Amino acid sequence: MKRIFLTLSIISVLVLSSCKEKASSKIEASNVEVAAERDAAAKSLPVMEFDKVEHDFGSIDQNAPQETIFTFTNTGDAPLIITDAKSSCGCTIPEYPKNTPIAPGEKGELLVKFNGSGQNQVTKTITVTANTSKGTETLRIKAFVTPKGAGPVGPVK
C-alpha cells in the first residue's frame, strides 16, 4: 500500500512540475496584431438604408402588372452583399443585384414586379437578406385591386 501511495505521489509531482511553463510566454506579438486587425474588420458592417420601405400602387385593375423600384444606399463601412430577396407570394417578384458587392456610399436598386392579382386591399412583403447587422430588411407593397367587370364604387344617381 505504501508503494502505491509513494508511486502515485511521485507521478503527481512530476505532472504538476511539468506544467511550470507559462502560457503567456508562448504568445507571439505578430499573431496578436493580426487578430486585432481581423476583429476590427469584423466589426465593420454595411448598413442598408432604403429611400422608402413601402410603396402604394393606389387603385389598380385586376391582373394589371405593376412595378416599383426601391432604391437603397450602403451607409456602412463595409461592402454590402444581398444574398436573397423573397416575397410573401408568387405574384410578387423581386429583382436585385445578387451577390454583387455594393461599396460604402454607393446606391443600388431593387425592382419589384406585382402581377395585380387578388381583390380589394392587397399587401405583400419582400424580405431582403443581406450581410447587415440585422440580417434582413422588410419592404411592403400595397394596392387596392378592382375586380374586372366591377362597376364604379359610390352612390348611384
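**Entry 1**

I began with Ile10, which counts as partly exposed at 47% relative accessibility. I note here that the model is predicted. I located Ile10 in helix 1, which covers residues 2–18.

**Entry 1. The chain as a whole**

I recorded two helices and eight strands in the protein chain. Read from the N terminus, the order of elements is α-α-β-β-β-β-β-β-β-β. I noted that the chain has 157 residues, of which 25% are buried. The chain exposes about 10,700 Å², and 57% of this area comes from carbon and sulfur atoms. I also looked up the contacts between residues at least 6 apart in sequence; 64% of these join residues at least 24 apart.

**Entry 2. The sheet with order 1-3-6-5**

I traced an open sheet of four strands in the order 1-3-6-5, and I found its pairing to be antiparallel. Which strands stand at its edges? They are strand 1 (48–50) and strand 5; each has a single partner strand, so one side of each lacks a neighbour in the sheet. On average, neighbouring strands here are turned by 30° against each other, direction ignored.

I next examined the pairings of strand 6 (residues 107–114). Strand 3 (residues 66–74) runs antiparallel to strand 6, and eight bridges join the two. Within this pairing, I found Thr68 bridged to Val112 of strand 6. Strand 5 (residues 92–95) also pairs with strand 6 in the antiparallel sense, over four bridges. There, Thr92 stands opposite Phe114 of strand 6. As a general point, I note that strands of a sheet pair through backbone hydrogen bonds, either parallel or antiparallel.

**Entry 3. Pro94 in strand 5**

I looked up Pro94, which is placed in strand 5. Is Pro94 buried or exposed? Pro94 is buried, because its relative accessible area of 14% falls under the limit of 20%.

I then listed the contacts of Pro94, leaving aside its neighbours within four places in sequence. Among them are Ala85, Lys86 and Ser87. Leu110, Leu111 and Val112 are also in contact with Pro94, as is Ile126.

How do strand 2 and strand 8 run, parallel or antiparallel? I found that they run parallel, joined by six bridges, with strand 8 covering residues 136–146. In this pairing, I recorded Lys142 of strand 8 as the bridge partner of Asp56.

Key:
Residues numbered from 1 in each chain as written. Predicted model: local features only at pLDDT ≥ 70, side-chain atom pairs only at ≥ 80, totals over all residues. Heavy atoms only, no water. Buried < 20%, exposed > 50% of the residue type's maximum accessible area, 1.4 Å probe, protein only. Contact = heavy atoms within 4.5 Å. Areas by Shrake-Rupley, 256 points an atom, 1.4 Å probe, with all protein chains shown as cover. Pairing = 2+ DSSP bridges. Axes fitted to C-alpha atoms, helices over the stretch in contact; angles between N-to-C directions.
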